[in-house]
Amino acid sequence: MHNYLFVLLSFILLTSCQYQEQKIDLKTVFRYNEHANVTSLDPAFAKDQRNIWVCNLLYNGLVKLDKNLEVVPDLASHWEIDATATVYTFYIREGVYFNDAFAKARTITAKDFKYSLERLSDPEVASPGEWVMKNVTDIKVIAPLELQITLKQALPAFLGLLSMKYCSVVPEGSSNLREQPIGTGPFYLKRWQENVKMVLRKNKLYFEKDEKGNSLPYLEAVAISFKTDKQSEFLEFAQGNLDFINAIDPSYKDELLTTSGALKEAYIPTVTLEKAPFLNTEYLGLKVDSKSPELQSKKLRQAINLGFDRDKMIKYLRNNIGMPAHNGFIPAGIPAGGIVKGFTYDPSRARSLITAYSKETGDDHPSITISTGANYLDLCEFLQKELQKIGVQVQIDVMTPSTLRQARKNGQLDIFRSSWIADYPDAENYLSLFYSKNFAPNGPNYTHFKNAAYDSFYENALTAIDPETRKNLYVKMDSIIIAEAPIVPLYYDQRVRFISKDVLHLESNAVNMLDLTRVQKK
């Protein structure tokens, strides 16, 4: 790939006179594109990938997930859990500084963590991460670098929850973190022109060092563009103006990949294709309390699940990126994932179920409407053609992503294409979507599924300390979801990255975190 010096320098020139006299070596700048504008740099609003990625570069928490999704120390050097599994005591690292971009640099304390975690529950902050603290009854500062958190009841997933970027530390009494983030991360904000570009610079106060004692990060800067057109993003990458592309888009998948999912020969000298497990289930949600008789019928919901070929869909529409969803809602890669047997293509059985539905309801021409965003239109058109072969008429309603999200949240959609990416590595994260007390708009149960046995299993699993007991409860819940069919699992996604050969040590994990702490460029 070629370096276009004038493009990048115009991208990262900063406003200070001191910086204008400097030139940054292109080998120390990492460049990527974000399709949607970052909405906030306050970690309390790190809800989706665009915000999470940037916040991961700016902030740290008590703990984090490593590349194997194990909870490991971050700003807490170690911790203790009492015999009841309800009292967690964290011992915080000494000498970790907040960056001094917007305030005088100082070291972190337990008071900062107490403030940061309690503000998630503050109605005035109105954080979408408020739910993370629902099981917390008390947060106490024991010593300047010792923090104690007490839970209402044992919650085995609690350390995983604390790894979320919502739980990042900010200085006690912070304000306007949206635009003036003060964190401890490897980078700090230098410039943000909304919808145009963002520049992060190396935090020279960052606490981590490599194995040889060298200060991290190696990079001097991160340059983020906000091009909404994915074809334009691909062209920038092909011209050497971006260092990687995350995920594959239909507009250029055939340019980069063969039908079997391998990188095309023309790109092998300059691009590395990285495919890895990704805790993301793509699915159709079916609102079971809809006024539509089709969605009230378990038989018809099952027929939809049986009426299309997932293997064919993945091969021809995804170039074999991802795994056909022949199991439950929980993806493989976490305990209980990939165990439950799901639906496979069976058009004969699907037609029999539709016949039975028609006899019960008198509806001889079942019809459904799938709401989707434009990026998944080809997938929904495939479903449309396949389901019409078994006697279900399908309409497709294409909506903007923001409109789709809002309508789904408010329970206004009968059938919607969606995905669920794990926030933390525990199957409870997936199964919370079907707990009756999480009915949308007050929670993520967008299908309005309700089942007494399921709710009982879910509540028991929340407090089950024994991992095997919890796993067995998760499997039972996933089995109920498949049997009752409030969703149509489509495929389990793979993390796909196209990375410039100039980039070294870009690692990630199955929640697709962007970590640039140890990245270098040739």
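This is a predicted model: local features need pLDDT of at least 70, side-chain atom pairs count only at pLDDT 80 or more; totals for chains, interfaces and linings use all residues.
1. Looking at the chain as a whole, you will find 16 helices and 19 strands. The C-alpha atoms fill a box of roughly 75 × 60 × 40 Å when this is taken along the principal axes.

2. A compact globule of 522 residues would have a radius of gyration near 24 Å, and because the protein chain has 24 Å, the two values agree. Of these 522 residues, 55% count as buried, and among the contacts with a separation of 6 or more, 67% are accounted for by residues 24 or more positions apart.

3. The accessible surface of the protein chain comes to about 22300 Å², and carbon and sulfur atoms hold 49% of that area. As for charge, there are 61 positive and 62 negative side chains, and the centres of the two sets lie 2 Å apart.

4. Strand β5, which covers residues 87-92, deserves a careful look: 5 of its 6 residues are buried, so the strand is largely enclosed by the rest of the structure.

5. One partner of β5 is strand β4 (residues 76-81), and the two pair in the antiparallel sense over 5 bridges, with I81 standing opposite Y88 of β5. Together β4 and β5 form a hairpin that has 5 residues between the strands, and in its turn A85 has a positive phi of about 60°.

6. Strand β7 (residues 146-151) is also joined to β5, again by 5 bridges, and these strands run antiparallel. Within this pairing, T89 has Q148 in β7 as its bridge partner.

Methods
Residues are numbered from 1 along each chain as its sequence is written. Side-chain values use heavy atoms; hydrogens and water are left out. Helices (H or I, at least four residues) and strands (E, at least two) are DSSP runs, numbered from the N terminus. The radius of gyration is taken over C-alpha atoms; the globule rule is 2.2 Å times the number of residues to the power 0.38. Buried means under 20% relative accessible area, exposed over 50%, partly exposed in between (1.4 Å probe, protein chains only). Contact means heavy atoms within 4.5 Å. Accessible areas come from the Shrake-Rupley method with a 1.4 Å probe; for residues, only the protein chains shown count as cover. Lys and Arg count as positive and Asp and Glu as negative; His and the chain ends are not counted. The place of a charge is taken as NZ of Lys, CZ of Arg, CG of Asp or CD of Glu. Two strands pair if DSSP finds at least two bridges between them.
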